[in-house]
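This briefing is for a reader new to the structure. Please have the sequence and the 3D view open while going through the points below.

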Amino acid sequence: MSNLRFIVIGAGMSGILSVIRLREAGYTNITVYEKAEKLGGTWRENTYPGIACDVPAHLYTYSFAPNPDWSHRFAPGDEIQAYFEAVAQRYDVLPVIRFNEEITRCEFRDHRWHVTTSTGRQDTAHVIIAATGVLHHPNIPHFQGIESFRGASFHSARWDHAVPLAGKRVGVIGTGSTAVQIVADLANKAEQIVMFQRTPQWVMKQDNPAYSAAERANFHDHPEILRHMHAQMSESFSSMFSSAVIDADSPIMAAIEAACRENLASVRDPVLRAQLTPDYRAACKRLIMSPDFYDAIQQPGASLVTSGIERVEPSGVRTVDGKLHELDVLVLATGFRPDRFIRPTTVIGPHGRSLEDAWTPRPDAYLSISIPGFPNLFMLNGPNGPVGNFSLIEVAELQCNYILQLVAHIASGNCREIAPTREATDAFEAERVEAARHTIWTTGCRSWYLDDRGVPASWPFRFERFREEMAQPDFAAFEMR
């Protein structure tokens, strides 16, 4: 079946990658459906002040498309968006993308996926690759009275750039990576910056030096340097951080915690320092990297509010201690719903079972890629994959290689449908859950990593095992028809 037809859902990092890798494998009948007006995924949607990636730029890069022009060790969001646009242009990805067209329904029958889009279009494909990402459904909590607020209010992923910030009183609800980046950026721009904290976070100091013109010129002249940097950074992440978080008692984890405490000690005011001190271990929640957050929160115009929010009023936020914090702008840096994945798209398997039903009470997938009962449907960065402070580009590249090996069985005529067995999926899940008990994520905090059982919805093994699993599928774990 050399004429296999593919539909890719999403034109973010992994959607662009899917098109490039499929073409390299000889498949050309590809359509990408993108719900927005341009590509980029999370880097298109998140444009808040101070946005940057917490993975080094030369690692957060496609292995086949190094970028000698990153301005800093950790790239700002607009450069990352420009990078994906440039790669899509270079590899001629744009012609196969249908923008402003969201897939609303996928149903598998007659050995094919039949899809319906938001425009009413009907389409079919032998294979669907869901490149929908993890953090793209904003979590927008409702605060009593927020509709009455007279100022501007928006989620951090829906930033309103028409709203002026200079000389304004800005409130930020949240303490995750996004909130930290916003506060650090606005501390010397806004008249006041008020951070509303429910839970303090551990912050590791990570300097973000700029690459000099000479360094960038050297990268241009010697691309082998970039390949070496990418490999070196990948190995460092694999052998250091990924090994630490899966073993809460490891020496590396102890060193990470010591570095976080040393950074916290830079807060001079003992009261503020106590307020910023978590009561759980470092990296139990996603570890925050910042060169300057503690400096920013100590600026004269910055303040930390630890009292709970009672309600929002026309002129600001009133906390449970009765104090009214008057504001001009209110930002909800309240994160995302990481358990949605391909949803809200309705997905119906060959026997009429919906994905919503299959994922009740929680999402699961064999090796985070495919789901029993849903043949020829593959996910990039799906449930329970390596999402914790790693390069999701590297993860997606490894997954693409794995998926292409499964697809080859369809293309060769060995089968028309392929999906993991329930037995293999359950066995892997049982092993994963047991391994997760020893990770740093289960040491006593609430985080978006944890599912409804309190089990980390993440990869709890060494990253080297992930590489090994992705190198070649165990076809005994799959049902082929």
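Just after helix α11, G413 takes a positive phi of about 90 degrees. Helix α11 itself covers residues 392-411; helices (H or I, at least four residues) and strands (E, at least two) are DSSP runs, numbered from the N terminus. This is a predicted model, in which local features need pLDDT of at least 70, side-chain atom pairs count only at pLDDT 80 or more, and totals for chains, interfaces and linings use all residues. Residues are numbered from 1 along each chain as its sequence is written, and side-chain values use heavy atoms, with hydrogens and water left out.

- Helix α11 has 20 residues and reaches 27 Å from its first C-alpha to its last, close to the 28 Å expected at 1.5 Å a residue; the expected span is 1.5 Å times one less than the number of residues.
- Of the 20 residues of α11, 15 are buried, so the helix is largely enclosed by the rest of the structure. Buried means under 20% relative accessible area, exposed over 50%, and partly exposed in between (1.4 Å probe, protein chains only).
- Helix α4 (residues 177-186) is likewise largely enclosed by the rest of the structure, because eight of its 10 residues are buried.
- The buried residues of α4 include T178, V180, I182 and L186.
- Among the elements covering the buried residues of α4 are β9 (169-173), β10 (192-196) and α9 (293-297); contact means heavy atoms within 4.5 Å.

**Packing of α1 and α3**

- Two packed helices are described by the angle between their axes and the distance between the axes.
- The axes of α1 (residues 13-24) and α3 (residues 77-90) come within 11 Å and cross at roughly 20 degrees. Axes are lines fitted to C-alpha atoms, for helices over the stretch in contact, and angles run from 0 to 180 degrees between N-to-C directions.
- Helices α1 and α3 are therefore roughly parallel to each other; angles under 35 degrees count as roughly parallel, over 145 as roughly antiparallel, 65 to 115 as roughly perpendicular and the rest as oblique.
- On the α1 side M13, I16 and I20 take part, and they meet F84, V87 and A88 in α3.

**Cysteines**

- The count comes to one disulfide, a disulfide being a pair of cysteine sulfur atoms within 2.5 Å.
- C284 and C445 form it, with their sulfur atoms 2.1 Å apart.
- C284 lies in the loop between α8 (270-275) and β12 (288-290) and C445 in the loop between α12 (422-436) and α13 (463-471), so the pair ties together parts that are 161 residues apart in sequence.
- C284 is buried at a relative accessible area of 0%, and C445 is buried at 11%.
- C260 is in no disulfide, and the nearest cysteine sulfur, that of C284, is 12 Å away.
- C260 is buried, with a relative accessible area of 0%.

- A cis peptide bond joins R343 and P344, with omega about 20 degrees; P344 lies in the loop between β17 and β18 (346-348).
- F341 lies in the loop between β17 and β18 and has a positive phi of about 55 degrees although it is not a glycine.
- F341 is buried, at a relative accessible area of 7%.
- T360 and P361 are joined by a cis peptide bond with omega about 15 degrees; P361 is in the loop between α10 (355-358) and β19 (377-379).
- L367, in the loop between α10 and β19, is a residue other than glycine with a positive phi near 55 degrees.
- L367 is buried at 2% relative accessibility.
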